[in-house]
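Work through the exercises below with the sequence and the coordinates open, and try each task before reading its solution.

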Amino acid sequence: MAYITLKRKSLQHNYSYLENFFKENDISWGVVTKILCGNKKFINEVIQLGIKEAHDSRISNLKVAKEIDPNVQTVYIKPPAKKAIPKVVKYADVSFNTELSTIRLISEEAKKQGKVHKIIIMIEMGDLREGVMGEQLLDFYGKVFELPNIQVVGIGTNLNCLHGVMPSQDKLIQLSLYEQLIEAKFDKKIPWVSGGTSVVIPLLMSRQLPKGVNHFRVGETLYFGTDLVAEAPIKKMKQDVFTLNAQIIELIKKPKVPVGELATNPSGEKYEIDEDDYGKESYRAILDLGLLDISTDYMIPVDEELQISGASSDMLVIDLGNSKRNFKVGDWIKFKLKYMGALSLLNSSYIDKVVE
């Protein structure tokens, strides 16, 4: 069975780098754990780093974090579905919100459970995912402040998550101004201006982040050590926290061109023949995973000479060229992963999860 590894030393290295970086800039931050898909072994590795906040979009994952360490502040990072409110209040200390009717129900449920539930109100800043429109903000906040058992701890936004709208100084200055306006209007302190995610880190590195933004939620940069703006590695961070390992189950020399009449395959693709490949052969290795587990767009062979030929639902084909290069059936081939690839693998019950 194929397996994904979490490399503990690389994760610890990246966490220490970010922790020191944020401390130097007087910013608080939490770790987004949603990529771990509730895997208790991997969530425990993150908790043991000494994190103060665990952010997730699945309540069951926050429950796991609370079971490991009840002192970790759990943050539910999307507006709650009304049916889920009892569990949100039970397992999340904080939740993101955009709907007044939902917050009213949270207030009622928090009263039933004898809790004060903290909320961050998300603001629409152009990416058109979740967020209250700016012109409605003061009226919205005024009504929220009247609700019992609710504590507003932040104002926040998400950028680049849906339409790819990039963060900018102007947008984040605007977010900070909203916070100042609310504090002045209602004489209430809003502790967090949560405008930071992995894609905002490059602004902070280049000293372009407005000082009012004081809270980050970070996942991808922690796990992949990547500058999401430049789409390049951050030099002082590790890029090998996650690695995919898949085993060769067949290794045979075959024609490079399919034989027979071609039609659309089950994935909706039609193979295009390169006429230069007629009459040529190559060694083809079949590996024990497929599209059910991961899209080939999100995996990169560590050995750069290997080429991914394609995949079906449960098998992946690698072209080894004219030489087997000492590979044999039973050998393991390693892959680097992109974020969505690791997310798919961690959500697959067919892939083993191993701490290295």
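**Exercise 1.** Determine the handedness of the crossing of α2 and α3, and then decide how the two helices are oriented to each other.

*Solution.* In this predicted model, the crossing of α2 and α3 is right-handed. For the orientation, start from the geometry: helix α2, which covers residues 40-47, packs against helix α3, residues 59-68, at an angle of about 55 degrees, and their axes lie 10 Å apart. An angle counts as roughly parallel under 35 degrees and as roughly perpendicular from 65 to 115, and α2 and α3 are therefore oblique to each other. The next step is to find the residues that meet, which are Lys40, Ile43, Asn44 and Ile47 on the side of α2, and Asn61, Val64, Ala65, Glu67 and Ile68 on the side of α3. Sorted by class, this contact has 5 nonpolar, 2 polar and 2 charged residues.

**Exercise 2.** Carry out the analysis for helix α6 and helix α7, giving their angle, the distance between their axes and the residues in contact.

*Solution.* Helix α6 spans residues 137-144 and helix α7 spans residues 169-186, and they pack at an angle of about 50 degrees with their axes 11 Å apart. It follows that α6 and α7 are oblique to each other, and the crossing in which α6 passes α7 is right-handed. From α6, the residues Leu137, Leu138, Tyr141 and Gly142 meet Tyr178, Leu181, Ile182, Lys185 and Phe186 of α7. The class count for the contact of α6 with α7 is 7 nonpolar, 1 polar and 1 charged residues.

**Exercise 3.** Characterise the largest pocket by its volume, the residues closest to its centre and the classes of its lining residues.

*Solution.* Begin with the volume of the largest pocket, which is about 1,400 Å³. Its lining is made up of 41 residues, of which Ser198, Glu220, Leu228, Tyr339 and Met340 are the closest to the centre. Next, assign the lining to secondary structure: the elements that give two or more residues are the strands β9 (215-218), β11 (232-233), β12 (242-255) and β17 (332-337), together with the helices α9 (220-224) and α10 (339-346). Finally, the division of the lining residues by class gives 22 nonpolar, 9 polar and 10 charged.

Conventions: Residues are numbered from 1 along each chain as its sequence is written. This is a predicted model: local features need pLDDT of at least 70, side-chain atom pairs count only at pLDDT 80 or more; totals for chains, interfaces and linings use all residues. Side-chain values use heavy atoms; hydrogens and water are left out. Axes are lines fitted to C-alpha atoms, for helices over the stretch in contact, and angles run from 0 to 180 degrees between N-to-C directions. Helices (H or I, at least four residues) and strands (E, at least two) are DSSP runs, numbered from the N terminus. Angles under 35 degrees count as roughly parallel, over 145 as roughly antiparallel, 65 to 115 as roughly perpendicular and the rest as oblique. A crossing is left-handed if the near helix is turned anticlockwise from the far one by less than a right angle, and right-handed if clockwise. Contact means heavy atoms within 4.5 Å. Ala, Val, Leu, Ile, Met, Phe, Trp, Tyr, Cys and Pro count as nonpolar, Asp, Glu, Lys and Arg as charged, and the others, Gly among them, as polar. On a 1 Å grid over the protein atoms alone, a cavity is a set of points where a 1.4 Å probe fits but cannot get out, and a pocket is an open set with protein on both sides within 12 Å along at least five of seven lines; lining residues have an atom within 4 Å of a point. Grid points are joined across faces, edges and corners, and a volume is the space filled by probe spheres set on the points.
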